[in-house]
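Let's work through a few exercises on aromatic rings. Have a look at the structure first, then try each task before reading its solution.

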Amino acid sequence: MGEDDRRGLRREISCRIAAIRTHYVVLLAFTVIVYFPRLCLSYLVFFLAQALRLIARVSGVQTNRPVQNRRILVITDYLPPQTHGIAIRCHAYVKHMRSLGHEVVVFCTAYEPNKETSFDHPNIPCIVNPFNLKNRIGYNPGVKLAWYLGAHTWDIVHVFYPSLVGSFALTTCAWRRIPVYCSHHVEMRMFAFEHAPPAIANFGLFMYNLVGKWPATRWGTLNSAPTLCFARDHLGSHLEDRLRAVPSGTHEVFDPASEPGERAQTRRTRFGIDDEKTKVVLMVQRLSGEKGTERIFPVLRPKDGESGVDAVLVIAGDGPSRPALEAEARRRKLRVVFLGNVPHNELPKLYRAADCWVTMSLSETFGLTTLESLMCGCPAVIPRCDVFNEIWDERVPKSWRYDVGNNAELEKAIASAQSSGRAWLEQHPVKMTWKGAAENLLEQYEECIKMISKDRETLHTFIEFTDHCLRVATGTVIATWVLTRYYYTPLRSFLQRFGLA
């Protein structure tokens, strides 16, 4: 066996080991075995921090010092370099709240080194997401987060779900009467059965409900989701008084204004189109089964066909479904351009160069790409479903909407958007930025803080009384020991020497 053969064999063995290590059954078993011992260690560290905090208070160190800004702790699995909507949303909230002068400390599974600050702690113990190898899943809070929850003062804690860390944060915050804002961003039932066999999916959902969703509904001060309809469906309408719609937005770079010649250059270099006559339908999404990308293929006109939407389909995104989608597009002889993953800051040029944007997904809890498209002046063709109905029913023309599975209706929606969509958006621009969303989120934080303020005052009064009693008891013990050791004993010896005792 030659050197090249040996190197190839080693590479193959390494790939097989990596495949076994990242298989969801192996990761699930690992998590179940390791979860509880590490969780006990985290609680031990938390209560140690609380004991040291008690000693500090008794010795006169001031805690819970009032300040003008808010001390916010964010716990999330989702931040760049991940590229999906939750990571973008979380990073934008943190960035804008910090710009308003608030102390925002973030605990996460990963962060971009060039963006990391001393307030960012990518220390949550995690495993690779077996269904998206570029993402990580935190399975335990870890020692550092436990210490921060036990030793530091927080005005509010924000937990991004899905999360396996939330139960620890919720129980420790309930102990300290710290308000917790829980935001839920993924329809777990749909994703579970899409990626795993029913038995594994049901077990995973049961465990997630046990350590994730149920603690959030029990101890979360407020629970939210990008839309109220999803919040009710995911958490239950019986929590109506504690459900909110988490504010959404996008970056200000998503704007209809473009540089001279940008549209023609983008169409030529990215889409392979040299004229304005050819229509472009754009899709921006992860290429996986739940997104339903392939549902648009039947309405497109083949290269040698005479019926269907006469347009080039451009797909920006990557994922496990890409090989199958490419094969299906070739089989149908469709004009489809696969761009792969496109950096987020390059997306505005794509939106501005396309004639309309389309989504086939019914799994969204908000759909940030829809908002990005509309803010760039690109008309969005959107399916009818509860989530999109709540957000867009009153904001876009009815003629841009369609029922998934109704190809004739989808064709009409695309034609309507392409013919007059940009002109309509010039007269009715859509503007929802992360700056405004962060300000609205802070208002919901204040509501959270107010809801639990009486409980915090009661606890603060009890702690003050307990600290005072401990100071008196400690002072009494020390005084007794000093008097006994350095006063009473010498005095008794002196009196005995002169026969006075």
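Before we start, a handy cut-off: buried means under 20% relative accessible area, exposed means over 50%, and partly exposed is in between. Also keep in mind that this model is predicted.

**Exercise 1.** Classify Trp219 as buried, partly exposed or exposed.

Solution. Step one: take its relative accessible area, which is 31%.

**Exercise 2.** Work out how the rings of Tyr181 and Tyr445 are arranged, and where the two residues sit.

Solution. Start with the geometry: the ring centres are 5.5 Å apart and the planes stand at 75°. Planes over 60 degrees apart count as edge-to-face, so that's what this pair is. Next, find the residues: Tyr181 is in strand E7 (residues 180-184) and Tyr445 is in helix H15 (residues 434-451). They're 264 residues apart, so the pair links distant parts of the chain. Last, check accessibility: Tyr181 is buried at 0%, and Tyr445 is buried too, at 2%.

**Exercise 3.** Find which ring Arg89 lies over, and which ring Arg395 lies over.

Solution. Arg89 lies over the face of Phe366, 5.7 Å from the ring centre. Arg395 lies over the face of Trp392, at 5.9 Å.

Technical notes:
Residues numbered from 1 in each chain as written. Predicted model: local features only at pLDDT ≥ 70, side-chain atom pairs only at ≥ 80, totals over all residues. Heavy atoms only, no water. Phe/Tyr/Trp six-rings, centres within 6.5 Å; stacked < 30°, edge-to-face > 60°. Helix = DSSP H or I, 4+ residues; strand = E, 2+ residues; numbered from the N terminus. Buried < 20%, exposed > 50% of the residue type's maximum accessible area, 1.4 Å probe, protein only. Lys NZ or Arg CZ within 6 Å of the ring centre and 35° of its normal.
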